[in-house]
Amino acid sequence: MATSIVAPKRPFLTLPFLLPSWTDSLALGSRRYQSSYRRTKQRLRVKPDASFGPSHAGQDQIIYNPPSSAPTAYHTPNKFLPADDARRSMLVESLNSVTSNVSELPGVYKSEAERKYHLTPSDIEEIRNLRMNDPMTWSRYKLAKRFECSPIFIAMVCEASPEKKQMQKQVLEAVQSRWGVKRRMAREDRQLRREAWGRDE
Amino acid sequence: MKRLQLQRWSSTVLSPRARTGNCLHQQLYTAKLRYQSTASSIQSESAPYDAIDVLEDPKLMSQVRRVHKHKSALAYPSPPVEAATRSAKLAALHARLYLPSRLPLQTLARTLVDASADENADFNNESLATLGHDLLTYYTTEHLLCNYPRLPLTVIFAAMYAYAGPKTLAAMAKEWGVEHAAMPGGEVDPGYLQFQRVEPGTDVEANSDLQSARPYAAQKNWRKTVTSKIFYDDEFGDQIKGVVSTGSGSGSGVTAELASATFVRAVMGAIYLHAGRPAAKRFFEQHFLSRHLNISELFNFSQPARDLARLCNRENFEPPVAKIISETGRKSRHPVFVVGIFSGQDKLGEGAGASLLEARERAALAALKGWYLYSPLNVRVPSSMEEEGAAPWKPVYVDLGEVIV
């Protein structure tokens with residue numbers, strides 16, 4: 001109960017909407033309007049915030065004005081301009097200074113997988129045979145481990161047999177049937193969010 | 001290239017008397033001749049009253065004339081031509097749209113009569129709407145193709161629909177303050193949009209695939225490729241709708257949206273006929289191109305990173321690499337990553353997201369949009385060559401086409 005009687009941080013006089021509406025009780029004649037143009041102008045004459053000024057070079061700062069925003073999609077990157085476009089030569093020197101340190105930037109993935117083109121047609125035939133004949137043992141991941149390639153490559157090369165697909169579908173349905181409302185909704189939301197990326201929302 | 005003398009057309013094209021006397025026209029129009037014209041009302045006013053002039057009594061004559069007038073108003077399914085000059089609504093619409101003074105009120109009244117209200121092709125707006133629709137879609141297409149030469153076809157369809165689709169045109173007719181008549185008829189004020197309404201409960205989409213030339217059009221579940229849409233479908237990529245049966249007139253009708261769209265198209269056609277090409281183009285720029293459309297919102301990609309890799313491969317750029325430009329709160333509940341996609345030393349796109357994967361997808365999407373939304377400098381559309389004293393034509397930028405994965 002102690003919290004309810006804590007005094008407001010600001011005095012009442014600066015919050016006029018809390019006061020009773022005394023203007024209504026007064027006569028119409030004594031009501032005073034700020035009708036002069038000069039007074040209104042004076043109120044609007046506010047000094048801009050210091051963060052709008054020239055940037056403090058060399059100093060750390062938290063507030064940036066105007067705040068940073070995503071670049072517009074209508075700005076065509078220099079590389080995408082056709083060779084005869086006049087903007088290409090104009091932008092070249094300004095951009096060179098900014099993106100000189102691309103190789104120093106960290107990558108999104110820890111390590112880029114080295115691309116090996118080592119599988120022969122006979123290997124691919126073997127992959128297909130293994131997956132078709134014994135799909136329970138030779139899953140995509142096991143095949144990828146054995147042939148030292150990515151599971152995506154296995155999926156590109158061959159397809160699971162219809163029985164295996166049907167079985168996998170039943171397993172998935174069994175798992176999903178145990179989900180409660182929360183988990184189901186969270187999964188759906190995640191899917192919707194993912195679709196919103198493609199629309200740039 | 002010399003301009004046609006359109007001022008002279010405007011008087012002759014709409015008058016039934018000065019029509020070229022070919023056989024088809026004579027056969028079509030001698031059967032039910034209407035002594036009305038949208039061009040001049042002098043002759044048509046005097047013609048029916050010749051017999052009445054014999055009467056000498058002015059009082060009786062005025063009464064007879066009034067009855068006659070009332071009857072003549074009811075004789076035709078759409079308001080008589082001479083009513084156009086007396087309508088305040090029509091004059092207000094003419095002034096509100098700032099239409100050229102060469103476009104007479106009579107023609108504006110004709111643009112408000114839908115084919116479902118008056119079947120006579122001389123008095124409804126069908127012919128004007130056909131011309132106006134062609135002009136609208138032509139101007140919109142050349143604007144889009146010249147300004148954004150790399151747009152994918154699906155986006156062009158969506159943009160066409162947004163600029164000149166029936167929904168937009170209906171909204172424009174509403175903004176112009178055009179009201180709908182409850183029922184069409186000769187006694188209605190010609191300032192109202194007149195059309196026969198669809199009976200409630202009618203399936204509007206019922207005869208949608210009657211006119212389609214597409215083979216196997218009956219197979220609803222089959223995939224329709226975008227390329228086939230160019231050939232078989234209309235300019236918005238939609239299936240061509242079957243023509244509403246123009247038989248008895250009682251059963252057929254149009255929706256309010258379609259009637260409004262037809263009216264706007266007819267206004268465009270009427271301006272072209274009466275005031276010429278420059279006025280039509282100005283009208284198009286002021287009323288259609290001035291509407292704001294953010295084309296970058298029309299895109300929807302499912303796998304932008306894959307498409308971008310394919311694009312860079314096609315254009316012989318270095319393969320795109322995603323790099324973290326900045327990040328904050330990686331171990332917190334709400335991290336923000338800013339990822340850039342680089343091809344060699346050039347940054348193609350930049351995106352921010354709550355996970356590395358999201359930021360990378362958004363960056364790839366931004367890069368793809370940067371490619372597709374390229375707009376050349378100093379764009380000239382082909383129709384600008386129709387102006388007098390135009391500079392010699394320089395070919396516009398034509399792109400290879402969208403990325404096909």
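Why does S343(B) count as buried? Some notes on that and its surroundings.

1. S343(B) has 23 C-beta neighbours inside 10 Å, so it counts as buried (the cut-off is 20 or more other C-beta atoms within 10 Å, with C-beta atoms placed from the backbone). Bear in mind that this is a predicted model, where local features need pLDDT of at least 70, side-chain atom pairs count only at pLDDT 80 or more, and totals for chains, interfaces and linings use all residues. Residues are numbered from 1 along each chain as its sequence is written, while chains are lettered from A and ligands numbered from 1 in the order in which they are written.

2. Who sits around S343(B)? Leaving aside neighbours within four places in sequence, its contacts (C-beta atoms within 7 Å) include K79(A), F317(B) and E318(B).

3. S343(B) belongs to strand β2, residues 336-343 (strands are DSSP E runs of at least two residues, numbered from the N terminus). The open sheet runs β1-β2-β3 in chain B, with antiparallel pairing (pairing takes at least two DSSP bridges). β1 (321-328) and β3 (346-353) are at the edges with a single partner strand each, so one side of each has no neighbour in the sheet.

4. β2(B) and β3(B) pair over 7 bridges, and V338(B) stands opposite A352(B) in β3(B).

5. On the chain pairing, 23 residues of chain A are in contact with 34 of chain B.

Definitions and conventions: Contact = placed C-beta atoms within 7 Å. Helix = DSSP H or I, 4+ residues; strand = E, 2+ residues; numbered from the N terminus. Buried ≥ 20, exposed ≤ 12 C-beta atoms within 10 Å, placed from the backbone.
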